[in-house]
Amino acid sequence: MPPIPPLFALSIEPSGSIICTQPSPKVYLLTFQSPPDNRTTPAFCKTFSLALDILEHKFPRGVVVTTSAIGKFYSNGLEYENAIKTKGFMQDNLYPLWRRLITYPMPTVALINGHAFAAGFMTAMFHDYRIMNPHKGFLCLNELDFGAPLKPPMASIFRQKLPRPETYRTIVLESKRFKALEALKEEIIDGVGGWEEAKIFIEESKLVGKGDSGVYGRLKEEMWRETIALLDADERTAQEYEDGRATASEARAEDALKIMKEWESEGWAGRPKL
């Protein structure tokens, strides 16, 4: 089979790209590569968003499938140190991409070819459907391992989309690495396979044409309004929320230390003054 000519190609600075092809009628395949592991940098996020804009406004509505040209990785998440040092990174780069995906006016499918960690896993969750390579790759939310608290919309997307709280707990509090078959069992993904299996999934689910009535995106806005509201919170509001949560946590810690000192003053065998 000859190569499918691209509909368009976009550059991701400094050395990456997103190439859009149409392997089936009205099924658009966005293949990204941003070496070495498709980190969700500002350039990656903005180029990804631009590709979605082009498809919405320049081509007939259909289905958008996203995948990686780097075999080992779908996306390895944020460059964390750079992200936390860059003022407005979340609100100006990552959150707009996620909002675009979760409200996109046609079906989206993440074709997860390799590892999807942290923000890479989250990005897949902001798609409508997920198909994962059964032979390699893990899904993992490893913020616990490197000491990064989850921002409100990061937690919300899992809380809203996962069917069982036990799965949510395992993902967040155990940093469990899910292989494809286990992820399917836990209903984190919708199927296993590569492009051919994704194509069959799209056909059997009759996804092409779902966006034709013009309300697909609006239906998703209502479905996921909790997460969308958290994405839409401006930087000041988000920071005030984080500061308030931190202050409350510090106050509770101070109260706990005070009670412990009262207890210790009675002697370890004594009864605490409560």
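**Exercise 1. The second largest pocket**

*Solution.* The model under study is a predicted one.

Step 1. Begin with the space: the second largest pocket holds about 280 Å³.

Step 2. Locate the helices involved. At least two lining residues come from each of α2 (80-85), α4 (119-125), α5 (143-146) and α12 (235-265).

**Exercise 2. The chain as a whole**

Step 1. Along the principal axes, its C-alpha atoms fill a box of roughly 80 × 40 × 40 Å.

Step 2. The chain has 274 residues, of which 46% count as buried.

Step 3. Consider the contacts with a separation of 6 or more: 68% of them join residues 24 or more positions apart.

**Exercise 3. The nonpolar cores**

Identify the residues with the most contacts inside the largest nonpolar core, and examine the surroundings of Leu30.

*Solution.* Step 1. The largest nonpolar core has 56 residues, and Leu30, Trp98, Leu139, Phe158 and Ile188 have the most contacts inside it.

Step 1. Helix α3 (residues 89-102) supplies the largest share of this core, with 8 residues.

Step 2. Take Leu30 and set aside its neighbours within four places in sequence. The residues it contacts include Phe8, Ile18, Ile19 and Cys20. Further contacts of Leu30 include Phe48, Ala51, Leu52 and Leu55, together with Val64 and Val65.

Step 3. A second, separate core has 11 residues, among them Val27, Val109, Leu111 and Phe201.

**Exercise 4. The two sides of helix α7**

Which residues of helix α7 are buried, and which on the other side are exposed?

*Solution.* Step 1. Within helix α7 (residues 165-174), the buried residues include Thr167, Tyr168, Thr170 and Ile171.

Step 1. An α-helix has 3.6 residues a turn, so residues three or four places apart point the same way.

Step 2. On the other side of α7, Pro165 and Leu173 are exposed.

Step 3. The cover over the buried residues of α7 includes α4 and α6 (152-161).

Step 4. Follow the chain just past α7: Ser175 takes a positive phi of about 50°.

**Exercise 5. Two residues compared with their surroundings**

Where are Pro96 and Ser11 found, and what does each touch?

*Solution.* Step 1. Pro96 is found in helix α3. With a relative accessible area of 35%, Pro96 is partly exposed, because that value lies between the limits of 20% and 50%.

Step 1. Not counting residues up to four places away in sequence, Pro96 touches Met90 and Gln91. Lys46, which is 50 residues from Pro96 in sequence, is 8.6 Å from it in space, C-alpha to C-alpha.

Step 2. Ser11 is found in strand β1 (residues 8-12). Its relative accessible area is 56%, and Ser11 is therefore exposed, the limit being over 50%.

Step 3. Beyond its neighbours within four places in sequence, Ser11 is in contact with Gly16, Ser17 and Thr47. The C-alpha atoms of Ser11 and Phe48 are separated by 9.9 Å, while the two residues are 37 apart along the chain.

**Exercise 6. Backbone features in the loops**

Locate two cis peptide bonds and two residues with positive phi that are not glycine.

*Solution.* Step 1. Recall the background: most residues other than glycine have a negative phi, and most peptide bonds are trans.

Step 1. The bond from Glu13 to Pro14 is cis, with omega near 10°. Pro14 is placed in the loop between β1 and β2 (16-24).

Step 2. The bond from Pro35 to Pro36 is also cis, with omega near 5°. Pro36 lies in the loop between β3 (27-33) and α1 (42-58).

Step 3. Glu187 has a positive phi of about 60°. It is placed in the loop between α8 (180-185) and β10 (191-192), and it is partly exposed at 47% relative accessible area.

Step 4. Lys206 has a positive phi of about 55°. It lies in the loop between α9 (195-204) and α10 (216-223), and at 58% relative accessibility Lys206 counts as exposed.

Key: Residues numbered from 1 in each chain as written. Predicted model: local features only at pLDDT ≥ 70, side-chain atom pairs only at ≥ 80, totals over all residues. Heavy atoms only, no water. Core = buried A, V, L, I, M, F, W, Y, C linked by side-chain atoms within 4.5 Å. Buried < 20%, exposed > 50% of the residue type's maximum accessible area, 1.4 Å probe, protein only. Helix = DSSP H or I, 4+ residues; strand = E, 2+ residues; numbered from the N terminus. Contact = heavy atoms within 4.5 Å. 1 Å grid on protein atoms, 1.4 Å probe; cavity = no way out; pocket = protein on both sides within 12 Å on 5 of 7 lines; lining within 4 Å. Points joined across faces, edges and corners; volume = space filled by probe spheres on them.
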